[in-house]
Amino acid sequence: MTRSAHRIAFGQRLRDLRQEQGWASQEAFAHHVGLDRTYVSGLERGTRNPTLDVLVKLAHGLDVKPSELLSTV
């Protein structure tokens with residue numbers, strides 16, 4: 001699978017924000033936002049490419065603006 005620099009940067013930003021918000025496990029966070037844990041894992045590893053709908057869902061779950069998730073991309 002392709003792991004481009006922007007996907008890796010996004011994944012790291014997602015992981016950092018998730019952990020800063022107190023979501024220690026991907027599984028608990030994924031359940032909170034209504035996604036599968038393996039999908040969140042793929043996003044954080046940079047192997048998955050999120051849709052706009054998923055970006056908004058993740059941002060709402062982290063209580064940040066979607067642009068915060070993209071700030072390092």
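User: Leaving aside its neighbours within four places in sequence, with which residues is Arg18 in contact?

Analyst: This is a predicted model, in which local features need pLDDT of at least 70, side-chain atom pairs count only at pLDDT 80 or more, and totals for chains, interfaces and linings use all residues. Residues are numbered from 1 along each chain as its sequence is written, while side-chain values use heavy atoms, with hydrogens and water left out. Contact means heavy atoms within 4.5 Å. With neighbours within four places in sequence left aside, the contacts of Arg18 are Trp23, Ala24, Ser25, Gln26, Phe29, Glu44 and Leu62.

User: Is Arg18 buried or exposed?

Analyst: Arg18 belongs to helix α1; helices (H or I, at least four residues) and strands (E, at least two) are DSSP runs, numbered from the N terminus. The classes are buried for under 20% relative accessible area, exposed for over 50% and partly exposed in between (1.4 Å probe, protein chains only). Because its relative accessible area is 3%, Arg18 is buried.

User: How many helices and strands are there, and what pattern do they follow along the sequence?

Analyst: The protein has five helices and zero strands. Read along the sequence, the pattern is α-α-α-α-α.

User: What radius of gyration does the protein have, and what value would a compact globule have?

Analyst: Along the principal axes, the C-alpha atoms fill a box of roughly 25 × 25 × 20 Å. The radius of gyration is taken over C-alpha atoms, and the globule rule is 2.2 Å times the number of residues to the power 0.38. For 73 residues a compact globule would be near 11 Å, which agrees with the protein's value of 11 Å.

User: What percentage of the accessible surface belongs to carbon and sulfur atoms?

Analyst: Buried residues make up 40% of the 73 residues. Accessible areas come from the Shrake-Rupley method with a 1.4 Å probe, and for residues only the protein chains shown count as cover. The accessible surface comes to about 4400 Å², and the share of carbon and sulfur atoms is 50%.

User: Which term describes the orientation of α1 and α3 to each other?

Analyst: Two packed helices are described by the angle between their axes and the distance between the axes. Axes are lines fitted to C-alpha atoms, for helices over the stretch in contact, and angles run from 0 to 180 degrees between N-to-C directions. The axes of α1 (residues 5-20) and α3 (residues 37-45) come within 6 Å and cross at roughly 120°. Angles under 35 degrees count as roughly parallel, over 145 as roughly antiparallel, 65 to 115 as roughly perpendicular and the rest as oblique, and α1 and α3 are therefore oblique.

User: How do the residues in the contact of α1 with α3 divide by class?

Analyst: Helix α1 contributes Arg7, Phe10, Gly11, Gln12, Leu14, Arg15 and Arg18, and α3 contributes Leu43, Glu44 and Arg45. Ala, Val, Leu, Ile, Met, Phe, Trp, Tyr, Cys and Pro count as nonpolar, Asp, Glu, Lys and Arg as charged, and the others, Gly among them, as polar. The division for the contact of α1 with α3 is three nonpolar, two polar and five charged.

User: Which helices are included in what covers the buried residues of α3?

Analyst: The buried residues of α3 are Tyr39, Val40, Ser41, Gly42, Leu43 and Glu44. Their cover includes α1, α2 (26-33) and α4 (52-62).

User: What separates the C-alpha atoms of Ile8 and Glu44?

Analyst: Ile8 lies in helix α1 and counts as partly exposed because its relative accessibility is 34%. Ile8 and Glu44 are 36 residues apart along the chain, and their C-alpha atoms are separated by 7.3 Å.

User: How are α2 and α4 oriented to each other?

Analyst: Phe29, His32 and Val33 of α2 meet Lys57, Leu58, Gly61 and Leu62 of α4. By class, this contact has four nonpolar, two polar and one charged residues. The axes of α2 and α4 are 9 Å apart at an angle of about 110°, and the two helices are therefore roughly perpendicular.

User: What is the phi of Asp63?

Analyst: Asp63 is in the loop between α4 and α5 (66-69) and is exposed, with a relative accessible area of 71%. For this residue other than glycine, phi is positive, near 60°.
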